[in-house]
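Me: I am new to this structure and would like to go through it by question and answer. Please show it first.

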Amino acid sequence: MDSKPLWQRLDPSPRISTRFFTRRLFLRVLSLLSICVLLYNVVYNAELRGRLEKVQVLGDAGQPHDRMDTAELEDGSSSAACYDTGFGQNGTEKASLVMLVRNSELREALSSIRMIEDRFNRRFHYPWTFLNDKPFTDDFIKYTSGLASGPVEYAVVPEDNWSVPSHVNTTLMRAEMLRMAREDIIYGDSLSYRHMCRFNSGFIHNQEVMRKYDWYWRVEPGIQFYCDVDYDPFTFMRENKKVYGFVISMYEFKGTITTLWDKTRQFHLGNGDYNLCHFWSNFEIASLEFYRSEAYSTYFEFLDSTGGFFYERWGDAPVHSIGVGLFAPKDSIHHFADFGYSHPPCSRCPQDDESHTSGRCLCNRNKNFDTDSYSCLPRWWKVAGINRGTE
Ligand SMILES: Nc1nc2c(ncn2[C@@H]2O[C@H](COP(=O)(O)OP(=O)(O)OP(=O)(O)O)[C@@H](O)[C@H]2O)c(=O)[nH]1
Ligand SMILES: [Mg+2]
């Protein structure tokens, strides 16, 4: 019997030592890999935290603040909050991109923001203002603030800016809504659409979150924006004494504004008929000072006092357009002919070669509402003395 201790008796054969070595190597590689995975997680999480921290609750003018609240809602949430996405504003105007939007339109809102950012705002970092008649959801805030390249504010519209005023006879209003539904008048039976039109006509420019701005660019969810804008349209408007900028103009459905023109003439005596042409207000770059002016404000208050936003279904587009037509000089209205834009079902695309050969625009030149029989742009060209082709 071998008297040596067991460990000495074992003759470490080359096979065993190779296996032993391989196993140790394998364990080493495994632990190295684990360390790598751990390190990656630490770095990734830190980066993610950094990105989330960029969207921090701020107060005025980008100064860190607990939270900027403009009003406390009944459910305890605030009606406005301001977020900074970490970029400094390059654009020098007191201006904001503004979207009135429902939480359910998040996907369409993101698509509009992406386009406006890519084509314009990534260079200027203007703030975005989101307005809603209901508090925005966490998801809405998370995803929209993630896309914006400027500070972002979210505000809930005060209830009296989004409700039927006491002077409106609701029985008559309901009866008229039913009639309009029977007559297939678009949004004829929608109360929320009426709130939206009245809000855009008379309240948007006076929202608490809007008071610091002189200009707004109205953006709707689900639009398309086809061309790079490498200048600042707000500066262009100010320097050229413009008040109102549009891209598409068309006729309004008469059935939605049956007495709007009569009421307007009661307010502002004058001759002539209204040809139903209006600037399509889902896109607007406009002076908020103009909407806040005595002339426009008293016009809106008069219209509102007649209840026509509810008995009929007056759109903010004809109201804005008539207001601009009455109270702003003709040459303060600007057609952004260099912008390519679509809000279903209408699109317009710059017609000149250079916009396309330079790669500035990507849209179908043949899909152009400008010269559609339903477009009012040819009338505008006449009124503005614009010779098509040099426009
Ligand atoms: N928060 C909120 N926003 C609304 C409501 N109704 C409309 N909006 C917004 O107001 C703007 C105009 O409403 P739209 O429904 O787009 O009206 P429209 O452009 O005339 O018609 P379509 O685009 O064809 O539906 C959009 O930005 C909508 O998101 C509402 O009840 N609540
Ligand atoms: Mg729309």
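Me: Let us start with a loop. Between which two elements does His125 lie, and is it buried or exposed, or partly exposed?
Reply: The model is a predicted one. In it, His125 lies in the loop between H3 and strand E4 (128–132).

Me: What is the phi of His125?
Reply: His125 is not a glycine, yet its phi is positive. The value is about 55 degrees.

Me: Which loop holds Asp184, and what is its phi?
Reply: Asp184 is found in the loop between H5 and helix H6 (191–202). With 8 other C-beta atoms within 10 Å, Asp184 is exposed. Asp184 is a residue other than glycine with a positive phi, near 60 degrees.

Me: How do helices H3 and H4 pack, and what is the handedness of the crossing?
Reply: Two packed helices are described by the angle between their axes and the distance between the axes. For H3 (residues 106–124) and H4 (residues 138–147), the angle is about 15 degrees and the axes are 9 Å apart. That makes H3 roughly parallel to H4, since angles under 35 degrees count as such. The crossing of H3 and H4 is right-handed.

Me: Which residues of H3 and H4 meet, and how do they divide by class?
Reply: From H3 come Leu106, Ala109, Leu110, Ile113, Arg114 and Glu117, and they meet Asp139, Phe140, Tyr143, Thr144 and Leu147 in H4. By class, the contact of H3 with H4 has three charged, one polar and seven nonpolar residues.

Me: What is the orientation of H10 and H12 to each other?
Reply: Helix H10 (residues 294–305) packs with helix H12 (residues 316–327) at an angle of about 135 degrees, and their axes are 10 Å apart. An angle has to be over 145 degrees to count as roughly antiparallel. H10 and H12 are therefore oblique to each other.

Me: Which residues of H10 and H12 meet, and how many of them are charged?
Reply: Ala295, Tyr296, Tyr299 and Leu303 in H10 meet Val319, Gly323 and Phe327 in H12. By class, the contact of H10 with H12 has six nonpolar residues and one polar residue, and the number of charged ones is none.

Me: Where is Val229, and which residues does it touch?
Reply: Val229 is found in the loop between strand E7 (224–225) and helix H7 (233–239). It has 18 C-beta neighbours inside 10 Å and so counts as partly exposed. Arg123 is 106 residues from Val229 along the chain, but their C-alpha atoms are separated by 9.3 Å. Not counting residues up to four places away in sequence, Val229 touches Arg119, Phe120 and Phe339.

Me: Which residues surround ligand 1, and how many of the shell are charged?
Reply: Ligand 1 is surrounded by Leu100, Val101, Arg102, Glu105, Asn132, Asp133, Ser192, Met196, Glu220, Pro221 and Asn282. The shell around ligand 1 divides into four nonpolar residues and three polar ones, and the number of charged residues is four.

Me: Which peptide bond is cis, with omega near 10 degrees?
Reply: Pro345 lies in the loop between strand E13 (341–343) and strand E14 (346–348). The cis bond runs from Pro344 to Pro345.

Definitions and conventions
Residues numbered from 1 in each chain as written. Chains lettered and ligands numbered in written order. Predicted model: local features only at pLDDT ≥ 70, side-chain atom pairs only at ≥ 80, totals over all residues. Axes fitted to C-alpha atoms, helices over the stretch in contact; angles between N-to-C directions. Helix = DSSP H or I, 4+ residues; strand = E, 2+ residues; numbered from the N terminus. Parallel < 35°, antiparallel > 145°, perpendicular 65-115°, else oblique. Left-handed = near helix turned anticlockwise from the far one by under 90°. Contact = placed C-beta atoms within 7 Å. Nonpolar A, V, L, I, M, F, W, Y, C, P; charged D, E, K, R; others polar. Near = placed C-beta within 6 Å. Buried ≥ 20, exposed ≤ 12 C-beta atoms within 10 Å, placed from the backbone.
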